[in-house]
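Hi,

Here is the structure I promised to pass on to you. Have a look at it first, and then read on for what I found in it.

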Amino acid sequence: MFLVDAPLTGRREVGRDMFVIAMHAPEIASTVRAGQFVNLGWSGGPLLRRPFSVYRVDGGDIEIVLKAVGAGTTELLAVEPGARLSCLGPLGHGFDLTSGARTAVLVSGGLGVAPMPITARDAAANGMRITWVHGARTAAELCSEAQGDEVIWATDDGSRGAHGTAVAAAPTGDIVLACGPNRMLAAVADRWPEAQVAVETYMGCGTGVCLGCAVPLRRGGYDRACKEGPVYRAADIDWPALPSQLSYTVMAR
Amino acid sequence: MSVAVGAMTLRGPVMAASGTFGYGTEVPLLERRALGAMVSKGIFLRAREGTAPPRIAETPSGMLNAIGLQGPGADALVRDYAPRWAEWDFPVLVNINGESAAEYGELAARLDGVPGISGFEINISCPNVEQGGLYFGNDPRAAAAVTEAVRNRTSLPVWVKLTPMVSDIGVIARAVESAGADALCAINTFVGMSIDLNAYKPRLSFRTGGLSGPAIRPLAVHLAHQAARAVRIPVIGIGGIARPEDALEFLVAGCAAVQVGTATFANPRAVAEVHDGIAAFLEGRGCRSLSELPRYLPRD
């Protein structure tokens with residue numbers, strides 16, 4: 001775990017209102033594993049840091065993907081290149097890609113693309129053939145950067161690829177790795193109880209001390225998305241007890 | 001910068017507040033070098049699961065939390081954490097909780113004498129199950145009864161963490177002082193609520209939560225000051241401290257020491273930065289020790 005003052009080095013749009021930003025954090029870039037995240041703070045920013053899966057690594061830079069969903073992400077998207085972000089990470093427990101599987105199916109919905117490029121990289125490095133199924137509400141909202149040996153698109157309105165959800169469009173493979181809204185992950189759990197899923201929760205510290213990011217477990221009790229998670233075996237989560245969609249501060253207009 | 005809190009001498013005036021530093025073992029970046037003491041996450045005699053998510057919500061300059069005192073219980077604390085604390089060069093106090101005065105006493109007795117545990121901070125912001133769920137901390141008699149129940153079962157320092165949700169904190173402060181408290185910690189979180197305008201319901205599953213962070217700092221400085229005016233035992237200031245000057249406000253207002261809490265979530269080095277900043281301030285103002293810092297503490 002490192003705390004790095006990381007200059008913002010780049011920004012690009014990868015889907016409608018969906019941006020990738022890059023920051024120079026070599027200590028994190030060289031140690032982060034698929035499914036791990038960073039907790040970001042910035043000068044003049046909100047009280048708590050904001051957690052983001054590491055999207056991609058490029059030399060000494062790490063990238064994250066985000067949309068302006070609340071006040072924090074709106075501010076973050078306004079940070080100018082060269083300005084510094086306080087970057088804490090890598091955090092959490094990522095995907096286990098050491099099982100010897102030969103094929104991996106990546107299933108991502110909307111911003112659930114967040115951990116997938118680095119996951120595709122690591123799975124390919126472990127000799128797996130990658131099928132990446134990426135879904136969104138409409139073609140415009142798909143992330144344009146999905147890649148693999150095979151890419152399958154899915155949209156709720158049928159404007160690109162399969163008409164329906166990414167889960168429905170996905171073939172099966174030796175391992176299934178999924179990220180997206182918790183409701184989507186519950187559907188993943190129904191179809192593939194052994195899938196590895198990266199969940200989304202509200203988070204306070206990101207380091208295991210505040211116990212704010214509780215994930216309800218089928219065996220009873222809770223553990224921490226930031227420490228034991230954010231990646232879980234799908235069947236281990238008590239899905240009805242996990243808030244299905246996080247809401248952010250609504251601004252009256 | 002050493003400071004006396006009752007019979008205890010701390011190497012510095014800045015401590016880690018309960019619930020914001022875990023058990024001190026979770027984060028390698030949490031700097032322990034500057035810690036005067038650590039207060040561990042609140043614990044009950046038996047393990048508790050905690051409340052359903054969402055447990056936290058950010059609010060302007062603050063956060064609400066309803067964790068529900070999730071914890072492993074006394075036996076696991078003694079087995080898993082105390083042995084590590086025994087090797088550290090600063091004291092660890094355990095924040096203790098109960099549903100009855102007797103349960104607080106039982107917990108103190110279970111932990112008394114365990115190597116690595118240097119004292120207790122009593123959280124009196126718990127509902128008293130035997131009295132219909134009224135909070136111990138709102139009633140001077142109940143607060144005193146809990147303090148006495150713990151005092152009778154241990155010879156270690158006993159601090160009492162006061163709730164701000166009272167009409168006169170001085171009354172509670174005097175009651176627990178008379179019951180044998182060695183120090184007071186002022187204050188715990190304020191009870192608050194925030195509404196999700198998409199779902200038309202509270203943002204926390206527990207409905208309400210404890211408000212912490214800079215939003216409560218002026219309220220906390222006032223209440224800590226009122227408590228300090230009311231008693232002769234030391235008061236430890238808590239509430240929204242993120243920077244050295246925040247801590248200095250509490251110290252000048254009559255506190256013997258301070259605890260840093262929520263700030264640690266965003267900045268794992270907050271305790272060390274506050275500690276170093278106080279030292280620099282004292283030097284800049286020509287104070288050779290904390291005892292030379294001018295105080296504003298007119299006696300009632």
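A:Leu211 is buried, with 26 other C-beta atoms within 10 Å. Here a residue counts as buried if 20 or more other C-beta atoms lie within 10 Å of its own, as exposed if 12 or fewer do, and as partly exposed in between, with C-beta atoms placed from the backbone. The phi of A:Leu211 is near 60 degrees, a positive value in a residue other than glycine. You will find A:Leu211 in the loop between β13 (196-198) and β14 (214-216) of chain A. Helices (H or I, at least four residues) and strands (E, at least two) are DSSP runs, numbered from the N terminus.

Before going further, please keep in mind that this is a predicted model: local features need pLDDT of at least 70, side-chain atom pairs count only at pLDDT 80 or more, and totals for chains, interfaces and linings use all residues. Residues are numbered from 1 along each chain as its sequence is written, while chains are lettered from A and ligands numbered from 1 in the order in which they are written.

A:Asp17 also has a positive phi, near 65 degrees, and is not a glycine either. Is A:Asp17 buried or exposed? With 12 C-beta neighbours inside 10 Å, A:Asp17 counts as exposed. A:Asp17 sits in the loop between β1 (2-15) and β2 (18-24) of chain A. For background, most residues other than glycine have a negative phi, and most peptide bonds are trans.

In chain A, the peptide bond from A:Gly89 to A:Pro90 is cis, with omega near -5 degrees, and A:Pro90 lies in strand β7. In chain B, the bond from B:Ala186 to B:Ile187 is cis, with omega near 20 degrees; B:Ile187 belongs to the loop between β12 (183-186) and β13.

Now for chain A as a whole. Its secondary structure comes to five helices and 16 strands. The radius of gyration of chain A is 17 Å, close to the 18 Å that the globule rule gives for 253 residues, so chain A is as compact as a globular protein of that length. (The radius is taken over C-alpha atoms, and the rule is 2.2 Å times the number of residues to the power 0.38.) Buried residues make up 52% of the 253 residues in chain A.

(Two strands pair if DSSP finds at least two bridges between them.) The bridge partner of A:Leu40 in β4(A) is A:Arg50. β3(A) is also joined to β7 (residues 84-91) of chain A, antiparallel, by five bridges, with A:Asn39 opposite A:Leu88.

Chain B has an open sheet of four strands in the order β5-β6-β16-β13, with antiparallel pairing. β5 (56-59) and β13 (190-192) of chain B stand at the edges with a single partner strand each, so one side of each is left without a neighbour in the sheet. β13(B) pairs with β16 (residues 209-212) of chain B over three bridges, and B:Val191 stands opposite B:Gly210.

Also in chain B, the buried residues of helix α2 (residues 101-111) include B:Ala101, B:Tyr104 and B:Leu111. The buried residues of α2(B) pack against α1 (74-85), β7 (92-96), β8 (119-123) and α3 (140-151) of chain B. Just after α2(B), B:Gly113 takes a positive phi of about 85 degrees.

Finally, which chains meet? The contact takes 29 residues from chain B and 26 residues from chain A. On the chain B side, β6(B) supplies the largest share, three residues.

Best wishes

Methods
Two residues are in contact if their C-beta atoms, placed from the backbone, lie within 7 Å.
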